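Please read the report below alongside the sequence and the coordinates.

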Amino acid sequence: MRTVTTDEANNGGNNLTNGGFEKSFTSRFSSLLASRDRDYLLSPTGTQVKVSDLEGKILGLYFSANWYSPCRSFTQLLASVYEQLKSKGSEFEIVFVSSDEDLEAFNNYRSCMPWLSVPFSDLESKKALNRKFEVEGIPCLIILHPGDNKDEATLYDGVELIYRYGDQAFPFTKEKLEELHREEELKHENQTLTTLLTNHDRDYLLGHPPTNQVPIDSLIGKTVGLYFSGQWCLPCLKFTPKLISIYHKIKQLLEEQGGEDFEIVFVSNDRDEDSFESYFGSMPWLSLPFGDAAIKGLYKYFDVQGIPCLVIIGADGKTVTKLGRNLINLYQENAYPFTEAKLQLLRKEMDEAAKNLPKFAYHEGHRHELTLVSEGTGGGPFICCDCDEQGSGWAYQCLECGYEVHPKCVRAVGNGASV
Ligand SMILES: [Zn+2]
Ligand SMILES: [Zn+2]
């Protein structure tokens, strides 16, 4: 059951009742977007556009605010997708529902939007739309199809779909999304290092100095780590030196065995070229050029939600794991080549080694006793309270307060317990 929202009440009888009674002259978008004394929206230049002009179009309701930077960056992307769709003649329109603080902020923000807006002064309508679609966080893009049930949105996750598929997501139907999903699966199945790292006018990576171009072909047949990172990100700054030292150890190990089968490629999330140059300058491996079109694609393709992230590509060009960072933290250079067979071996070794660990320990700086736990006995993925890195498998855990550290991080004190 739903309650009638304020703007429908304002609309004087144009609303649907719970029983589904519908007056034939009522249109879906009018009852949503007009009010008793307003039947128009604002165009980008501030002129009035009749709400009835939207009939028959697929509509995106865009909840956003200028004071929030994730909104501002999504607005840029959405504007380019919108322009692309418009240039193809797609029957698509967006209506901005502002959460800006004042009229000036609203007008400023709106000036970079090529679509329509609910007037800033119509607080009631904005509130009613937020309530009706249960908008909890911004940016939020709700998709409405003209023919769909009036009470529900067609899709609630427009922001995610635009990030993932761009203008390809149009017309936002279930069938279209299933098709995109299948295409994506196929892409992963047919993935090669070349399809991942080249783009139409570039078949090389940057070495040191960056003017040194290294052909992507020279990496074929190697295990390659794609390192998603940025200098602005603190956990990245902490992880990078560790990765560098482990990179050297793996290289050395392989050299001793007479091969050279490992490389890392930096996929930069830096915000400007200067930070990219200084950050990449500290790394011993290769990089995609700053701002290269392939970078955005890779973040999307591997669905990278947070950095630092290390994706491992096997010698056959297929993805081995997206958990490279975690595995480096757990097993250091021993994680190489990150395959399931190798990990099984390492887990077995870890279980063996854990047999010799004391069941309990006191860790320097923590007053409670810690208990040795494994995945099967109350452990699981955790963040080590000592080194701040991820862990899984064996750990020393405080049963009283949840404090948890890697076995390798325990600095034993008192009670004769030693690790
Ligand atoms: Zn630790
Ligand atoms: Zn404790």
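Pro 139 sits in the loop that runs between helix 5 (123-132) and strand 6 (140-144), and the peptide bond that joins Ile 138 to Pro 139 is cis, with omega at about 0°. The model is a predicted one, and this bond, like every other feature described here, should be read as part of that prediction.

A cis bond is also found between Phe 170 and Pro 171, where omega is about 5°. Pro 171 belongs to the loop between helix 6 (158-165) and helix 7 (174-189). As background, most peptide bonds are trans.

Most residues other than glycine have a negative phi. Phe 338 has a phi near 70°, a positive value although the residue is not a glycine, and it is placed in the loop between helix 12 (324-331) and helix 13 (340-355). With 21 other C-beta atoms within 10 Å, Phe 338 counts as buried, since the cut-off for that class is 20 or more.

Asp 388 likewise is not a glycine and has a positive phi, here of about 65°; its position is in the loop between strand 16 (382-383) and strand 17 (390-391). Is Asp 388 buried or partly exposed? Asp 388 has 13 other C-beta atoms within 10 Å and is therefore partly exposed.

Strand 9 (residues 223-229) is mostly covered, with 7 of its 7 residues buried. The burial extends to both faces, with Thr 223, Gly 225, Tyr 227 and Ser 229 on one side, and Val 224, Leu 226 and Phe 228 on the other.

Which strands pair with strand 9 in the parallel and in the antiparallel sense? Strand 10 (residues 262-268) runs parallel to strand 9 and is joined to it by 7 bridges, with Val 265 of strand 10 as the bridge partner of Leu 226. Strand 12 (residues 309-313) pairs with strand 9 in the antiparallel sense over 5 bridges, and in this pairing Gly 225 stands opposite Ile 312. In general terms, the strands of a sheet pair through backbone hydrogen bonds, either parallel or antiparallel.

Four strands form an open sheet in the order 14-15-18-19, with antiparallel pairing. Strand 14 (360-362) and strand 19 (404-405) stand at the edges with a single partner strand each, so one side of each has no neighbour in the sheet.

Within this sheet, strand 15 (residues 369-373) and strand 18 (residues 395-397) pair in the antiparallel sense over 3 bridges, and Leu 372 is found opposite Tyr 396 of strand 18.

How many of the 16 residues of helix 7 are buried? The number is 0, so helix 7 lies largely in the open. The length of helix 7 can also be checked against its residue count: at 1.5 Å a residue, 16 residues should span 22 Å, and the end C-alpha atoms are 23 Å apart, which agrees.

Leu 32, which is found in helix 2 (residues 28-33), is buried, with 25 other C-beta atoms within 10 Å. Leu 32 and Ala 128 are separated by 96 residues in sequence, while the distance between them in space is 8.8 Å, C-alpha to C-alpha.

## Overall layout

The protein chain holds 13 helices and 19 strands, and its C-alpha trace spans about 80 × 55 × 40 Å along the principal axes. Of the 419 residues in the protein chain, 31% are buried. Among contacts between residues at least 6 apart in sequence, 56% join residues at least 24 apart.

The domain assignment divides the protein chain into domain 1 (6-182), domain 2 (193-343) and domain 3 (354-409). The centres of domain 2 and domain 3, taken over C-alpha atoms, are separated by 30 Å.

Technical notes
Residues numbered from 1 in each chain as written. Chains lettered and ligands numbered in written order. Predicted model: local features only at pLDDT ≥ 70, side-chain atom pairs only at ≥ 80, totals over all residues. Domains from an automatic or database assignment. Helix = DSSP H or I, 4+ residues; strand = E, 2+ residues; numbered from the N terminus. Buried ≥ 20, exposed ≤ 12 C-beta atoms within 10 Å, placed from the backbone. Pairing = 2+ DSSP bridges. Contact = placed C-beta atoms within 7 Å. Expected span 1.5 Å × (residues − 1).
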